[in-house]
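Here are my notes on this one, point by point. Have the viewer open while you read.

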Amino acid sequence: MVTKEQIEHVAKLARLDPKGEILTKISDDFNKVVEMVDKLQELDLGEIKTTINTEIKNAFREDICEDSFDRAKILKNAPSQEDGGIHVPQIVE
Amino acid sequence: MELFRKTATELSKMISNREISAVEILNASYDRTNSVDDKIKAYISVEKDVALKQAQNIDDKIKNGEGLSKLAGIPIAIKDNICIENTNTTCASKILENFNAPYNATVIEKLEQNGLVFSGKVNMDEFAMGSSCENSYFGPTFNPHDVSRVPGGSSGGSAAVVSSGQTAISLGSDTGGSVRQPAAHCGIVGLKPTYGTVSRYGLVAFASSLDQIGPLARSVSDIAMVSDVIYGADKRDSTSYSCPKELCNFSNDLNADVTNLTVGVPREYFADGINAEVKESVLNAVKTYEKMGAKIVEISLPMLEYVLPTYYILSSAEASSNLARFDGIKYGYRAENYDNLVDLYVKSRSEGFGEEVQKRIMLGTYVLSSGYYDAYYNKALAAQRKIKDEFNMAFDKCDVILTPSSPVTAYKIGDKNADPMAMYLGDLCTVAINIAGLPAISLPCGFDSNKMPIGMQLIGKRFADKKIINTAYAFEQETGLTNIIPDIK
């Protein structure tokens, strides 16, 4: 059983803050899903080495300078901008 | 025959015979959308003027006698998690509602170079997390065979747009079955290529080691034609492979001969959790292959009972990391009121992501967090190895594996939304293929007593994409279960 405190801790790590109905629903579902994935614990996998999903070893390429994106085009998607930069809240007091 | 009933293969012939223009095909496609999409709701956005310009451009080239590819002038619908430059790519999420893609995905570049016309962006479960296309910020898409039912997901829009005859072909993405399962529910064909054979550059990442872009269509030959265009290595996706020409030349090598083929039938995929009508229909398909001269062998894939836990751990872990980029800073939704930087992150994400996405990010964060990493994430990676080994051993005994695409047919809207476990079980037959990085294709094999389509899945070895496409083609030729468009009521 994952406790309410654990769920709040995980939410904090994930920079989320579900509230009200959504929090209740997520907490209920979370335990069901954790119970489902817990089924893996009954598997004895011994010394099986873990793997990732690709057999490619190293995908090398030449280090060549290329044009990147146009600044104005990228800034078009910024929620808030000023003088050609992305506007963010004050970080250093 | 009305134009909207034509497959891409048929339209392509009409264009090359100068019987019809690209603009006429596109207009017919939009006419069909106007008459049916208020019931289906497949599209999120359509940029008609841009598409018409594209089609006109193709017609000009044809007039000038320029050599064009087979699919030039054919409209294709694109899942809304694949970037088309200067077009909104929302992932069906509030957090990307106004995101305008500054670049083209590699598959889009390739389709454009081959003269295909982008009809619009189609609906999906938010960030491809879901199996019913109900988890969209813009509302659900409906199944053309019965509009009170789900089209499947997450590529529900891609499946419904093709099934309802609005376009002949579309692109979706498949992380755990998101192309194959909606294809099955909508009575069409959907291909999940071998991991790495189609570039993921420009596909918004859900679980990078499992994600794969794939085509949907109403016939196997259409799937082969789109695959000819989109396969191949890409320097912008370092997990992509260069596909040897003899392995990735699909449409010219279509072949319905199955006499030297051994089809493996895994008993676990026909056990209790599978609906009886689905089981019967897929077992009939086994008999059809036998009648056509293929050899049938029974095989065993006992890891099936562990594929869902493995999938939900790996995919959620990767999602929690991939979706960390949505922070309200550089692009996407930013909360209006916040106290400081962390508060901006938290509020933008909590207000911008839907419930299912938040749940999966939290599950992923949980299985990767200190104290649980070994028990969950590492254990799932070890299980992944075992699932891969099991498939490898099975392929010593057969060339392709035949299973249902989904344990059930399309269910009623709202039926499984309340219970995440019931929803996740719908992915039972498809997730192992992504875990193992294999190719698989879903195609129609019959209908249930509610007249809802049943899909079967053919799984191949890595890089045996051509073999499963040809095996599917053989069944389609034999049964005539192809190019099905229901009456939309």
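1. Terms first: I call it a salt bridge when a side-chain nitrogen of Lys or Arg sits within 4 Å of a carboxyl oxygen of Asp or Glu. By that rule, the whole structure has 23 salt bridges over all chains.

2. Ground rules: the model is predicted, local features need pLDDT of at least 70, side-chain atom pairs count only at pLDDT 80 or more, and totals for chains, interfaces and linings use all residues. Residues are numbered from 1 along each chain as its sequence is written, chains are lettered from A and ligands numbered from 1 in the order in which they are written, and side-chain values use heavy atoms, with hydrogens and water left out.

3. How much do chain A and chain B bury between them? About 5,400 Å², with 66% of it on carbon and sulfur atoms; buried area here is the accessible area (1.4 Å probe) that two parts lose on being put together, summed over both. The contact (heavy atoms within 4.5 Å) takes 52 residues from chain A and 73 residues from chain B.

4. Five salt bridges turn up across the interface of chain A and chain B. One of the pairs to click on is B:Lys235 with A:Glu66, where the closest N and O atoms are 3.1 Å apart. B:Glu85 and A:Lys73 also meet in a salt bridge, at 2.3 Å from N to O. That pair crosses between chains, from the loop between strand E2 (75-79) and helix H4 (106-113) of chain B to helix H3 of chain A. Helices (H or I, at least four residues) and strands (E, at least two) are DSSP runs, numbered from the N terminus.

5. Within chain B, have a look at helix H1 (residues 8-16) against helix H7 (residues 220-230): they pack at an angle of about 70°, with axes 8 Å apart. That makes H1(B) roughly perpendicular to H7(B), a label for angles of 65 to 115 degrees. Axes are lines fitted to C-alpha atoms, for helices over the stretch in contact, and angles run from 0 to 180 degrees between N-to-C directions. B:Ala8, B:Thr9 and B:Ser12 in H1(B) meet B:Ser221, B:Asp222 and B:Met225 in H7(B).

6. Two backbone spots to check. The peptide bond from B:Gly153 to B:Ser154 is cis, omega near 10°, and B:Ser154 lies in the loop between strand E3 (117-122) and helix H5 (156-163) of chain B. B:Lys451 has phi near 65°, a positive value in a residue other than glycine; B:Lys451 is in the loop between strand E10 (440-447) and strand E11 (453-460) of chain B.

Notes:
Angles under 35 degrees count as roughly parallel, over 145 as roughly antiparallel, 65 to 115 as roughly perpendicular and the rest as oblique.
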